[in-house]
Amino acid sequence: MVTRYLLLGMFCFQAATSATPKDQSIGCDDYLGSDKVVDKCGICGGDNTACRVISGVFKHSLTNLGYHKIVEIPEGATKINITEMSKSNNYLALRSRSGRAIINGNWAIDRPGRYEGGGTMFIYKRPNEISSTAGESFLADGPTNEILDVYMIHQQPNPGIHYEYIIPGPNTISSQVPLHRRPGEPFNGQLDVTETVNYEEEDLHQETSSHPRQPGMSQPGRFPSQVPDNQVPPVGQPPRRSREHNWKQIGMTECSATCGKGAQYPIFRCVHRNTHEEVADSSCDVNSKPTPEEEPCNLFPCPAFWDLGEWSECSKSCGLGMQHRQVLCRQVYANRSLTVQLHRCQHLEKPERTSTCQLKICSEWQIRTEWTSCSVPCGVGQRTRDVKCVSNLGDVVDDEECNMKLRPNDIENCDMGPCAKSWFLTEWSDRCSAECGSGVRTRSVVCMTNHISSLPLEGCGHNRPTESTPCDNGPCLGKVEWFAGSWTQCSIECGSGTQQREVICIRKTENQFEMLNPHECAFLQRPPSQQSCYLKPCGAKWFSTEWSACSKSCEGGFRIREVRCLSDDMSPSTKCDSQLKPVEKESCNTQDCVPEIDENCKDNYYNCNVVVQARLCVYTYYKTACCVSCSRVANRQSGFLGRR
């Protein structure tokens, strides 16, 4: 008898294995050898006509910072994909039509993760900011149970936002997935990854209240995770009903969350009415199996945590700056991350909200020339030097590129010590003192402090310039002429007055003058013996010093002297005629210079022209190694600046 059963078992096993070819696959309808697959609409064996794919790219240029609406996701949408086309400093945001913020609302940037809203679960992704060039994205399987709005928090130019979702067509039919197998459940040890679904607590309550599910009917995309199997057996085998068995709750599923409010469901099994032993579910009436009702669990809130926002841009484009980020205390409850008061995170160390940053090294100040000579040879003057802002590449850039607070002085006062005194002279008088014969011409000489030339500090010295010089208007022998004496002083010191002088007719002999009767000179024009005089501005005259040394020995320099207007009492005056003022500066040594040859100045490398082109002559090493080339460029530049 035993042998007969063994032979019968072996025969059945061989028949079963030989009837299942290894090269045949199982279709989405769970039939061996079927080639049916689920189309994009979720229909097993469908032809993609039961739904419509809505897609596009939002490329509008935006100007104002803040929230800008991108696209509206309608109710019933599935396979939702909102993706930024490249990385930027912008953020995606999502909220319901009722105004409830789901992701990145109220100017708070959420962390990447899973967020429940609109009847589905959205996966918010933000790639690594350093190693990735991809942008942000929202992904959800759907379907949505309300209209959702997608926004962009605009901070920099829009790189483009790609959006895509599927909505049911006018003739949509339900999925043909076998009723005895739920989406997401393994089949022959393999998990069907195309049937990933999500569950939301609110949607389940709405559906069960307005559209009660019929036992044995499936709803694609709406299967809650860990719900006990309460589906009817495959069609073709009527259920066996027996009063000896009934349904019994044997426990609860595991809570979907460890804290912050999760969900669990009762588990029902078919048992013997008397012995309470579990038997096959087919022994009980499937229509009488209780529907598992969701029960909340683990209602206590999750521990609070610090939620860190993204760092802002550095406050400075170069050098040491500051950057900031948002630090919020948050708690997760009912699959939502909520902002709470800061004291709930006091058991945790608070992260820093500000940090130093440096994007690159700033340009620096460079002193290009030494101090010039003091502007005066004595007393207090000024001297200058050339200060430029130089980039890290050696180029001269605008002063704004450097820190103005650290700019070296390019002008300062210089004290050359006490000034010496020098002789100030007027021009020689125009007329000789005698109409004929020997006479003199005169000038005024005064010793005063000199701010230009450098003389000994003890004063003008004893070498006083002469105040008169001889002049001769020709012999006077036998000549009859009018002789006019010197004018008397003006009758008043200032203003209009009169002067007198004696006028006589004379004849000059060899050693003496002979006075004649006035009628002897009647044929000559008699000089006036009286004239008006006007002493305003009281005898003010121009006085000047000797010329200074030339500023250059060749190629055109200049020399200067000091000119002052002095009154009769040698006090400064402003009443001199400006048109008669002597010049204070004139050119000198205009001949060409003979270049000096420095025997130690030479190019040590054959390619010094590259150093010049790269503008490296500003550095001491290259200036010495390529002395000839760098000096040639410096001479050209100085010549150009001189012509300007």
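Is Asp399 buried, partly exposed or exposed, and what is its relative accessibility? Asp399 counts as partly exposed, at 27% relative accessibility, and its side chain meets that of Arg407 in a salt bridge in which N and O are 3.8 Å apart. Arg407, for its part, has a relative accessibility of 23% and also counts as partly exposed. These values, like those that follow, come from a predicted model.

The chain has 644 residues, of which 33% are buried, and its secondary structure consists of five helices and 37 strands. When contacts between residues at least 6 apart in sequence are considered, 65% of them join residues that are at least 24 apart. The accessible surface of the chain comes to about 41800 Å², and carbon and sulfur atoms account for 51% of that area.

One place to begin among the strands is β4, which spans residues 91-96. Five of its six residues are buried, so the strand is largely enclosed by the rest of the structure. Strand β9, residues 148-154, runs antiparallel to β4 and is joined to it by six bridges, with Ser96 standing opposite Leu148 of β9. Strand β5, residues 101-103, is likewise antiparallel to β4, and two bridges join this pair; here Arg95 stands opposite Ala101. The two strands β4 and β5 form a hairpin with four residues between them, and in the turn Gly99 has a positive phi of about 100°.

Arg97 and Glu72 meet through their side chains in a salt bridge, with a distance of 2.5 Å from N to O. Since Arg97 lies in the loop between β4 and β5 while Glu72 belongs to strand β2 (residues 66-73), the pair ties together parts that are 25 residues apart in sequence. Arg97 is partly exposed, with a relative accessible area of 42%, and Glu72 counts as partly exposed at 34% relative accessibility.

A search of the whole structure finds 20 salt bridges. Another of them is formed by Lys581 and Glu584, whose closest N and O atoms are 3.3 Å apart. Lys581 is partly exposed, with a relative accessible area of 35%, and Glu584 counts as partly exposed at 35% relative accessibility. Elsewhere, salt bridges that share partners join Lys69, Glu72, Arg97 and Asp149 into one network.

Strand β22, residues 387-390, is joined to β23 by two bridges, and the bridge partner of Val390 is Val396 in β23.

Covalent links between cysteines complete the picture. The count comes to 15 disulfides, among them the one that joins Cys270 to Cys284 with an S to S distance of 1.8 Å. The torsion about its S-S bond is about 85°, so this disulfide is right-handed. The pair links distant parts of the chain, Cys270 in strand β13 (residues 266-272) and Cys284 in the loop between β13 and β14 (295-297), which are 14 residues apart. Cys270 is buried with a relative accessible area of 0%, and Cys284 is buried with a relative accessible area of 1%.

A disulfide also joins Cys314 to Cys357, with an S to S distance of 2.0 Å, and a torsion of about 95° makes it right-handed. Cys314 lies in the loop between β15 (305-308) and β16 (321-324), whereas Cys357 lies in strand β19 (residues 354-357), 43 residues apart. Both of these cysteines, Cys314 and Cys357, are buried.

Cys329 and Cys345 are joined by a disulfide as well, with S to S 2.0 Å, and because the torsion about their S-S bond is about 90°, the disulfide is right-handed. Cys329 lies in strand β17 (residues 327-333) and Cys345 in the loop between β18 (336-339) and β19, so the pair ties together parts that are 16 residues apart in sequence. Cys329 and Cys345 are both buried.

Note on methods:
Residues are numbered from 1 along each chain as its sequence is written. This is a predicted model: local features need pLDDT of at least 70, side-chain atom pairs count only at pLDDT 80 or more; totals for chains, interfaces and linings use all residues. Side-chain values use heavy atoms; hydrogens and water are left out. Buried means under 20% relative accessible area, exposed over 50%, partly exposed in between (1.4 Å probe, protein chains only). Two strands pair if DSSP finds at least two bridges between them. Contact means heavy atoms within 4.5 Å. Accessible areas come from the Shrake-Rupley method with a 1.4 Å probe; for residues, only the protein chains shown count as cover. A salt bridge is a side-chain nitrogen of Lys or Arg within 4 Å of a carboxyl oxygen of Asp or Glu. A disulfide is a pair of cysteine sulfur atoms within 2.5 Å.
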